[in-house]
Amino acid sequence: ALFMGTPKGAQSDFVRLHRAAITNPGPQWTGWAGRTLDNPYIPADEVEDARRSMPAEAFAQEYEGIPSDDGGNPFGLDAIDEAFRKISPAAGEKNRPVVWGADLARAVDATVALGLDAHRGLCGLERWQAPWGVTRSRLVGIFGTTPAIVDATGVGDPIVEDLQRDGALVAAFRFTMASKMKLMERLITAFQRRELCLHGAPDWLRAELESFGFVYTKMGVSYSAPEGMHDDGVMALALALQGWDRVQGSPPVEVLPEGERPDDPRLWLKRDTRHIDAGAGLTRQFPALV
């Protein structure tokens, strides 16, 4: 029998089998390992394109045969764990989301709405399956006057239009291979820089984040959940972070005295707005920042 494959984590069955073969060579077992660059039938420039677009550990596993401790998870299992232990500085205060992200679904998957506070802390999360009419009404109630980024791919497009007609401050996000890759790269960066505070998040969100993976094709990196699993929460988190970058820009550096705070936390949180991309299309769809 000839077993061939790519390692998926240092503790995977395939890696253990290979390790046993090379540590106990004999007439019955032996093992080999090679890099993709050693294959004369794969163009070197294709491999270099992958190197530039993938996290270093992911590239090492996929193209150099070096098993990753994270099993190919793009966020990093340690980073996910730290995010779930990290408490937002606004916890315990009268904090509300400064932005929402929503991934839409009706039957197989679930609609997930996720809110982030001014410190990129999770402060709102709802998940459900329902007819579109029910989902639309529920989202209007959840968002209120808070800006939101909503999945407008395919059947989501008319839902976003309905939400905007209902007065919700919604910006549409359409998933393509390129836009999803950019969205995921931002989320990867947020985990690696320890920017997110997900303390108190449910176990199902953690499971989605830990099982999330990618494959690399000639078209580029494709991020998704493994077959049979869901990534609705991951997408909602990524969309919320996309909106946070445009609405909030950076975490608060100073809080006004209690008696001087207006009701809207986006107004009483003093912050450095130099990082906000004023030319981005989403920015123009959100209310003016004070």
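## Report on the predicted model

The crossing of helices α4 and α8 is right-handed, a crossing being right-handed if the near helix is turned clockwise from the far one by less than a right angle, and left-handed if anticlockwise. This is a predicted model, in which local features need pLDDT of at least 70 and side-chain atom pairs count only at pLDDT 80 or more, while totals for chains, interfaces and linings use all residues. Residues are numbered from 1 along each chain as its sequence is written, and side-chain values use heavy atoms, with hydrogens and water left out.

**The helix pair.** Helix α4 (residues 77-85) packs against helix α8 (residues 203-211) at an angle of about 160°, and their axes are 10 Å apart. That makes α4 roughly antiparallel to α8, a label given to angles over 145 degrees. On the α4 side the contact (heavy atoms within 4.5 Å) involves L77, I80, D81 and F84, which meet L205, R206, L209 and E210 in α8. By class, the residues of this contact divide into 5 nonpolar, no polar and 3 charged.

**The protein as a whole.** The protein has 11 helices and 9 strands, where helices are DSSP runs of H or I with at least four residues and strands are runs of E with at least two. Of its 290 residues, 46% count as buried, that is, under 20% relative accessible area with a 1.4 Å probe, whereas exposed means over 50% and partly exposed lies in between. The accessible surface comes to about 15,100 Å², of which 52% belongs to carbon and sulfur atoms. Among contacts with a separation of 6 or more, 61% are between residues 24 or more positions apart.

**Helix α3.** In helix α3 (residues 56-64), the buried residues are A58, F59, A60, Q61, E62 and Y63. Just after α3, G65 takes a positive phi of about 70°.

L125 has its place in strand β3 and counts as partly exposed, at 24% relative accessibility. Leaving aside residues up to four places away in sequence, L125 touches W100, V112, A113, L114, P202, W204 and L205; of these, L205 also takes part in the contact of α8 with α4. Q129 lies in the loop between β3 (122-128) and α5 (132-143), and is partly exposed with a relative accessible area of 46%. Two pairs give C-alpha to C-alpha distances:

| Pair | Apart in sequence | Apart in space |
|---|---|---|
| L125 and V112 | 13 residues | 7.2 Å |
| Q129 and T111 | 18 residues | 6.1 Å |

Definitions and conventions:
Axes fitted to C-alpha atoms, helices over the stretch in contact; angles between N-to-C directions. Parallel < 35°, antiparallel > 145°, perpendicular 65-115°, else oblique. Nonpolar A, V, L, I, M, F, W, Y, C, P; charged D, E, K, R; others polar. Areas by Shrake-Rupley, 256 points an atom, 1.4 Å probe, with all protein chains shown as cover.
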